[in-house]
Amino acid sequence: MSQSVAKKLGVKSLYQALDHELAQAKEAKTYKYEVPVEGRMGGVVQANGRSQVMLASNNYLGLANHPRIVEAAKKGLDKYGYGLASVRFICGTQPLHLELEERIARFLGTEAAILHSSCFAANEAFFAALLGAQLGASDYRDVIYSDALNHASIIDGIRLSRIAVKTTDLNAYKHNNIQQLRTALAEDKAKDYRISVIATDGVFSMEGEYAPLKEFVEMAKSNDALLFVDESHSTGVLGATGRGTPEHCGVHGKIDVISGTLGKALGGAAGGFIAGKKNLVDFLRQKSRPYTFSNSLPPAIVAAAIEALNILEEDSSLVEKLHQNTDYFRKEVKRLGFTILEGIHPIVPVMVGEASTAMDMSNQLLEQGVYVRGLWYPVVPNGEARLRVQISAAHEVEDLDRALAAFASVGKKLGVI
Ligand SMILES: *Cc1c(COP(=O)(O)O)cnc(C)c1O
């Protein structure tokens with residue numbers, strides 16, 4: 001390894017090395033192919049030359065092409081134009097941006113919120129800004145407790161904060177292992193950390209499991225730690241009114257910091273946010289580098305995201321439909337004899353074992369009109385390859401039945417059931 005680092009790679013051999021890497025990825029079946037969706041996103045889409053039941057999208061509420069969302073985006077475009085050609089603090093703020101930030105905060109039960117171009121950027125911003133801040137102290141250490149399965153953007157945010165200042169310790173606890181976390185917090189009491197942050201996904205995207213936030217809230221409180229929860233897969237999804245994992249766990253309004261995306265349930269286009277105390281949000285407006293040095297969200301997206309919150313606050317019919325569809329699919333796919341990871345989330349991992357089975361099955365399902373992606377090592381543990389089904393309020397029961405029939409036929413052919 002050290003030898004190849006020391007060896008100069010000319011431009012020509014650089015490109016050769018890239019070709020070799022790509023060929024290896026194809027051989028190892030880790031190369032990611034894209035199957036274009038030929039038209040709009042929805043419960044049923046056009047792809048691979050035919051109609052497909054879409055089971056791979058994060059379009060949980062079916063808002064990606066909801067008529068009200070499309071209309072709101074058009075109005076935003078007409079009234080506020082295409083773009084602002086600026087970052088927020090120079091001249092990239094319209095009343096619309098401030099309105100959306102207030103609406104996100106109100107919906108999630110926090111004091112304030114700050115938009116970013118994505119949740120990925122928001123997560124990076126949060127850790128780098130907060131733990132990079134001196135805050136008057138000169139001699140200190142901080143600590144972050146992070147679930148081993150946290151999203152890549154949390155991991156990168158933590159990395160950034162540990163590069164910027166060398167005063168942040170990382171304690172990665174095993175996935176959802178409350179006991180390990182509790183022990184670590186207790187052991188660290190004597191260390192007198194300046195800031196302790198507990199960071200977790202609200203919902204984990206490979207498993208469709210949620211973090212037991214009631215326990216987290218109690219633990220954070222009794223250890224004087226800041227609780228950070230990434231609600232990207234949960235806002236608009238979990239809880240009777242779609243307020244996410246905190247609502248589901250009975251701790252709505254009790255999470256210190258919530259990050260989330262506008263790119264999943266809330267319209268599916270782009271954008272992310274951090275929600276929390278007013279002073280923390282104001283601090284991020286001053287110190288977040290992705291906020292300070294990257295463009296402001298386009299008004300069409302902002303207007304549509306406000307409409308998404310309007311839809312959610314008016315009534316819970318889409319959330320209810322999502323929950324009903326999820327219950328239905330979970331029950332029926334098990335009845336066919338498939339093994340799934342139990343849970344309540346519209347992410348339904350259908351376990352098939354070997355990577356090659358997951359590959360064959362997703363390819364054959366695509367031929368039979370079901371668009372679903374397989375996940376295998378190294379994304380999930382070896383031998384735990386799965387098809388990750390994602391249910392949406394955009395599905396009708398007949399769509400789900402069509403998908404289930406294809407699952408049954410392909411599953412039998414491949415000996416999975
Ligand atoms: C999807 C996702 C993100 C990234 O959101 P973007 O807005 O697409 O950048 C971050 N965190 C989690 C947990 C996610 O699932």
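His-345 is buried in this predicted model, since its relative accessibility is 1%, where buried means under 20% relative accessible area, exposed means over 50%, and partly exposed lies in between, computed with a 1.4 Å probe and the protein chains only. His-345 belongs to the loop between strand E12 (339–340) and strand E13 (347–353); helices here are DSSP runs of H or I with at least four residues, strands are runs of E with at least two, and both are numbered from the N terminus.

A word on how to read the values. The model is predicted, with residues numbered from 1 along each chain as its sequence is written, and local features need pLDDT of at least 70, while side-chain atom pairs count only at pLDDT 80 or more. Totals for chains, interfaces and linings use all residues, and side-chain values use heavy atoms, with hydrogens and water left out.

Ser-153 has its place in helix H7 (residues 152–164) and is buried, with a relative accessible area of 1%; its side chain is joined to the side chain of Asn-123 by a polar contact of 3.0 Å. Leu-280, in helix H11 (residues 278–287), is also buried, with a relative accessible area of 13%. Between Leu-280 and Thr-167 there are 113 residues in sequence and 20 Å in space, taken from C-alpha to C-alpha.

Now the ligand. Which residues come nearest to the ligand? Of the 13 residues around the ligand, they are Cys-119, Asp-230, His-233, Thr-261 and Lys-264, a residue being near a molecule if one of its heavy atoms lies within 4 Å of it. Helix H6 (residues 119–131) gives the most to this shell, with three residues, and by class the shell has two nonpolar, eight polar and three charged residues. For those classes, Ala, Val, Leu, Ile, Met, Phe, Trp, Tyr, Cys and Pro count as nonpolar, Asp, Glu, Lys and Arg as charged, and the others, Gly among them, as polar.

Looking at individual atoms, a polar backbone atom of Cys-119 is 2.8 Å from an oxygen atom of the ligand, a polar side-chain atom of Thr-261 lies 2.7 Å from a ligand oxygen, and an N or O atom in the side chain of Lys-264 is 2.6 Å from an oxygen atom of the ligand. Taken alone, the ligand exposes 380 Å², and the protein buries 82% of that, with areas from the Shrake-Rupley method and a 1.4 Å probe.

I will end with the backbone. Most residues other than glycine have a negative phi, and most peptide bonds are trans. The peptide bond from Tyr-377 to Pro-378, however, is cis, with omega near 10°, and Pro-378 is in the loop between strand E15 (373–375) and strand E16 (385–390). Ala-85 has a positive phi of about 50° although it is not a glycine; Ala-85 is found in the loop between helix H3 (67–80) and helix H4 (88–91) and, at 74% relative accessibility, counts as exposed.

Terms used
A polar contact is a pair of N or O atoms within 3.5 Å; within protein, one must be able to donate a hydrogen and the other to accept it, and residues adjacent in sequence count only if both atoms are side-chain atoms.
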